[in-house]
Amino acid sequence: MPFGSISVDEITSSNNISVTGNVSFTGNVTVGAGTVSNAAISTTGDPNTGIFFPAADNIGFATNGVIRGRWTTDGLCFNADTAAANALDDYEEGTWTPTDVSGAGLSFSTAVGIYTKIGRMVYASTQIIYPSTANGSSALIGGLPFTLPSTNVVRQGFISYVNASVVARALPEDGQPRFDIRKTDGTNVTNSELSGKTLFAMLIYSV
Amino acid sequence: MALEKQTVVDRIEVVEVGVVQVRTATRIVEDGNVISTSYHRHTIAPGQDYSNEDDRVKAICAATHTQEVITKYQELLEQNSLRT
């Protein structure tokens, strides 16, 4: 006997309830934990693909009876891994503005930057055009979106293009939101060596 | 349909060496619903002027950037300047 619409306060049944058509709830829905091969929430005819709850505070995702990942209190763990250290716990993208922190008080004619942070890895890129300057201080650029830890072995940078006469690399500095520019012999590139030059840099570091 | 642009400091973080990291969120709000958000980040090192910052950022900097923190940060800068 079909019902057009029913409204009840509570249904209790020890047997299965089957509904043809859509079901909507204004309250919460509580389901069993399920298993990797019999998901708590799945589509008809495919019970080993869906969402299940392998432990307290865990939400698991399975396909074909295999766990592909889970959300834990540490973040997103892939496959069957549950290690906190391996959990992906952050993703963010945005912009940042490089500034001269060499002490020369330079104003870059162009200074733009973007960043993407995935877990603890930061990928920050920038385009800078130096003003005309004869200042001999070491070039030093601040404004990085995230500060490096005081001891950080994962800090690399490269300059994809600089129309200066020096071959150089960018080096994020420990404990600071800034980077300098070093020649291949390790010495610093000066502001005057970058006078009027265009600089594209990519910084990669962990936080 | 009312569109509104909101700019707010939505995250203030203090890291180990005393640098204050500030995230500014720019949101486009339509009839009360956020339909777009973008972020901009900047940092304030110990000893750096923060007088033009958001009031909450000023308060954090004032509490964090003590003379001791500023001195240690300067020492760190000097250590780094000696490295190649």
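Me: In which strand of chain A is A:Ala62 found?

Reply: A:Ala62 is found in strand S3 of chain A, residues 59-63. Helices (H or I, at least four residues) and strands (E, at least two) are DSSP runs, numbered from the N terminus. Before going further, please note that this is a predicted model, in which local features need pLDDT of at least 70, side-chain atom pairs count only at pLDDT 80 or more, and totals for chains, interfaces and linings use all residues. Residues are numbered from 1 along each chain as its sequence is written, chains are lettered from A and ligands numbered from 1 in the order in which they are written, and side-chain values use heavy atoms, with hydrogens and water left out.

Me: Is A:Ala62 buried or exposed?

Reply: Buried means under 20% relative accessible area, exposed over 50%, and partly exposed in between, with a 1.4 Å probe and protein chains only. A:Ala62 counts as buried because its relative accessibility is 4%.

Me: Which residues is A:Ala62 in contact with, leaving aside its neighbours within four places in sequence?

Reply: Contact means heavy atoms within 4.5 Å. With those neighbours left aside, A:Ala62 is in contact with A:Val36, A:Asn48, A:Thr49, A:Gly50, A:Phe52, A:Ile67 and A:Arg68. A:Val36 is 26 residues from A:Ala62 along the chain, yet their C-alpha atoms are separated by 6.0 Å.

Me: How is chain A divided into domains?

Reply: Domain bounds come from an automatic or database domain assignment. Chain A has domain 1 (14-88) and domain 2 (92-206). Taken over C-alpha atoms, the centres of these two domains are separated by 45 Å.

Me: Which residues touch the most other members of the largest nonpolar core?

Reply: In soluble globular proteins, nonpolar side chains tend to be buried together. A nonpolar core is a set of buried Ala, Val, Leu, Ile, Met, Phe, Trp, Tyr and Cys residues joined through side-chain atoms within 4.5 Å. The largest one here has 24 residues, of which A:Tyr130, A:Ile141, A:Leu144, A:Phe179 and A:Ile181 touch the most other members. Two or more residues are given to this core by each of strands S9 (121-129), S12 (168-172), S13 (178-183) and S14 (198-206) of chain A. The largest share, four residues, comes from S14(A). Beyond its neighbours within four places in sequence, A:Ile181 has contacts that include A:Ala139, A:Ile141, A:Ile159, A:Val189 and A:Leu199.

Me: Which residues make the nonpolar surface patch of about 950 Å²?

Reply: Patches are made of residues with over 30% relative accessible area and no salt bridge; like charges are joined within 9 Å, and nonpolar side chains (Val, Leu, Ile, Met, Phe, Trp, Tyr) within 5 Å. Accessible areas come from the Shrake-Rupley method with a 1.4 Å probe, and for residues only the protein chains shown count as cover. The patch is made by A:Ile6, A:Val8, A:Ile11, A:Ile17, A:Val19, A:Val23, A:Phe25, A:Val29, A:Val31 and A:Ile41. One of these, A:Val19, has its place in the segment before strand S1 (41-43) of chain A.

Me: How many salt bridges are there over all chains?

Reply: Side chains of opposite charge can pair when their charged atoms come close. A salt bridge is a side-chain nitrogen of Lys or Arg within 4 Å of a carboxyl oxygen of Asp or Glu. The count over all chains comes to eleven. In one of them, A:Asp180 pairs with A:Arg182, the closest N and O atoms being 3.0 Å apart, and both residues are buried. Another joins A:Lys183 and A:Glu193 at 2.9 Å, N to O. This pair links distant parts of the chain, ten residues apart: A:Lys183 is in strand S13 of chain A, and A:Glu193 is in the loop between S13 and S14 of chain A. A:Lys183 counts as partly exposed because its relative accessibility is 22%.
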